[in-house]
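Hello,

Here is the structure I promised to pass on. Please look it over, then read my notes below.

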Amino acid sequence: GGGLFNSNGELIGIVNAKGVYSSDNTPLDNYAYALPVDNVTKVADNIISNYINNNNTATGVVKLDLGLTITSQNSKATYTSGKLVITDDAVITEVSASYISDFQVGDIIESIQINDTTYEITRYFQFDDLLLTVREGDNVIIKLNRDGAEIEIDLSTVDSNKIVGINCG
């Protein structure tokens with residue numbers, strides 16, 4: 001455990017696993033796996049917010065449930081301005097128990113607006129991560145690409161019965 005810092009001393013991750021030996025049994029040093037700090041922050045804020053909103057009762061992690069299964073398609077890596085940038089399409093592959101009937105299999109999620117902030121979706125996992133930040137009463141608009149046409153789904157005010165507990169273990 002502990003913090004992972006960049007060369008400027010900024011916290012960029014929380015170490016959650018460490019490599020001890022390589023495949024040929026050579027001891028490894030300074031080789032660890034870390035959770036990105038922005039993901040850790042989203043989960044921590046989620047737990048704290050739900051604890052406070054539920055009269056100081058532990059509820060664990062919750063997120064907006066849209067009944068969607070999303071996968072990565074069309075992954076590509078480009079080298080731009082000295083950086084390797086990976087992008088992919090966030091494609092809906094299953095719609096089940098969704099309270100919004102407007103989603104369809106094959107839709108590509110382009111962006112999500114939560115209240116007044118719009119987040120472009122350039123990696124499929126970003127959408128699920130952002131659902132952790134949605135709270136009861138938030139206004140949510142999702143922009144999709146459906147067969148080349150832009151579709152906008154306005155969830156209006158998020159209802160508390162659509163924010164459900166998730167298993168993090």
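The model is predicted, so local features need pLDDT of at least 70 and side-chain atom pairs count only at pLDDT 80 or more, while totals for chains, interfaces and linings use all residues. Residues are numbered from 1 along each chain as its sequence is written, and side-chain values use heavy atoms, with hydrogens and water left out.

Fold first. The chain has two helices and 11 strands (DSSP runs, numbered from the N terminus: helices are H or I, at least four residues; strands are E, at least two). Their order along the sequence is β-β-β-α-β-β-β-β-β-α-β-β-β. Among contacts (heavy atoms within 4.5 Å) with a separation of 6 or more, 43% join residues 24 or more positions apart.

Now the surface. The chain has 169 residues, and 27% of them count as buried (under 20% relative accessible area; exposed is over 50%, partly exposed in between; 1.4 Å probe, protein chains only).

Next, two residues. L11 sits in strand β2, residues 11-18. L11 counts as partly exposed because its relative accessibility is 38%. G148 lies in the loop between β9 (139-146) and β10 (149-157). G148 has 67% relative accessibility, so it counts as exposed. Its C-alpha atom is 9.5 Å from that of I108, 40 residues apart along the chain.

Best wishes
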